[in-house]
Amino acid sequence: MQDRTKRIFIALCIIIPFLIYCVYYYAGMIKNAPYRFSDFESIELVYGYPDSMLNQYNSKTHQYQYLTKQGEVVKDTLKLRDDDLLYLHRKAMELGYWNVADDMTTPEDKRTSGARVPRYKLTFNYKEKSKSVTLDADYEGVQKMKDAAKTTIDEVLNMIATAKAR
């Protein structure tokens, strides 16, 4: 056998089947990814104190309700652009939001008496599933998980503030 024939034989028997397998394997993984932006529907954010969570935003209905410093509840319509939603989806993926616990609240018996601590509930809704996280500001669990959830919530709040400023 000539050298050129040997190379063609190796390519046909080893390299090409390996490449076909890689394409087949990774295409299936990407297709079955748990949270894809193509399936994205909305973001819901509710925050405030546990007894009165008056601040809320829903990107599907564009309803934004917030409490002013004077104690008045203001209802407004606020639309986030598709680029804003894509940014928030990618930021959540980058920060590992999909891997944090759903309930990151502090039990009442561990909380100091009389302390009012803000609570945040962030939900990403997709066609077939959703990811919802409830976070107390004084959560004492795994710091890495708390940071991922808090940073994602802060990004959503910053995006809402940016859209309101437009």
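**Sheet, salt bridges and nonpolar core**

Lys131 is buried, at 7% relative accessibility (buried means under 20% relative accessible area, exposed over 50%, and partly exposed in between, with a 1.4 Å probe and protein chains only). The model is predicted: local features need pLDDT of at least 70, side-chain atom pairs count only at pLDDT 80 or more, and totals for chains, interfaces and linings use all residues. Residues are numbered from 1 along each chain as its sequence is written, and side-chain values use heavy atoms, with hydrogens and water left out.

**Confidence**

- The average pLDDT (the predictor's confidence in each residue, from 0 to 100) of the protein is 81, and 91% of the residues score at least 70.
- Helix H1 (residues 3–31) has the lowest confidence, with a mean of 78, while S6 has the highest, at 87. Helices (H or I, at least four residues) and strands (E, at least two) are DSSP runs, numbered from the N terminus.

**Sheet and helix packing**

- An open sheet of seven strands has the order S4-S3-S2-S1-S6-S7-S5, with mixed pairing (two strands pair if DSSP finds at least two bridges between them).
- At its edges are strand S4 (73–77) and strand S5 (103–104), each of which pairs on one side only.
- Three bridges join strand S2 (residues 52–58) to strand S3 (residues 63–67) in the antiparallel sense. Tyr57 is placed opposite Tyr64 in S3.
- Axes are lines fitted to C-alpha atoms, for helices over the stretch in contact, and angles run from 0 to 180 degrees between N-to-C directions.
- Helix H3 (residues 143–165) also packs on the sheet, where it touches S1, S2, S3, S4, S5, S6 and strand S7 (130–136). The direction of H3 makes about 80 degrees with that of S6.

**Salt bridges**

- Side chains of opposite charge can pair when their charged atoms come close.
- The model has seven salt bridges (a side-chain nitrogen of Lys or Arg within 4 Å of a carboxyl oxygen of Asp or Glu).
- Asp102 and Lys131 form one of them, at 2.7 Å from N to O. Asp102 lies in the loop between H2 and S5 and Lys131 in strand S7, so this pair ties together parts that are 29 residues apart in sequence. Asp102 is partly exposed, with a relative accessible area of 45%, and Lys131 is buried.
- Glu94 and Lys91 form another, at 3.7 Å from N to O. Both residues lie in helix H2, three residues apart, about one turn of the helix. Glu94 is exposed at 59% relative accessibility, whereas Lys91 is buried at 18%.
- A salt bridge also joins Asp84 and Arg81, at 3.7 Å from N to O. Asp84 is buried at 6% relative accessibility, whereas Arg81 is partly exposed at 46%.

**Nonpolar core**

- The largest nonpolar core has 30 residues, of which Ile43, Tyr97, Leu122 and Phe124 touch the most other members. Such a core is a set of buried Ala, Val, Leu, Ile, Met, Phe, Trp, Tyr and Cys residues joined through side-chain atoms within 4.5 Å.
- S1, S3, H2, S6, S7 and H3 each give two or more residues to this core. H3 supplies the largest share, seven residues.
- Apart from neighbours within four places in sequence, Leu122 is in contact (heavy atoms within 4.5 Å) with Ile43, Glu44, Leu45, Tyr97, Lys131, Ser132, Val133, Thr152, Ile153 and Val156.
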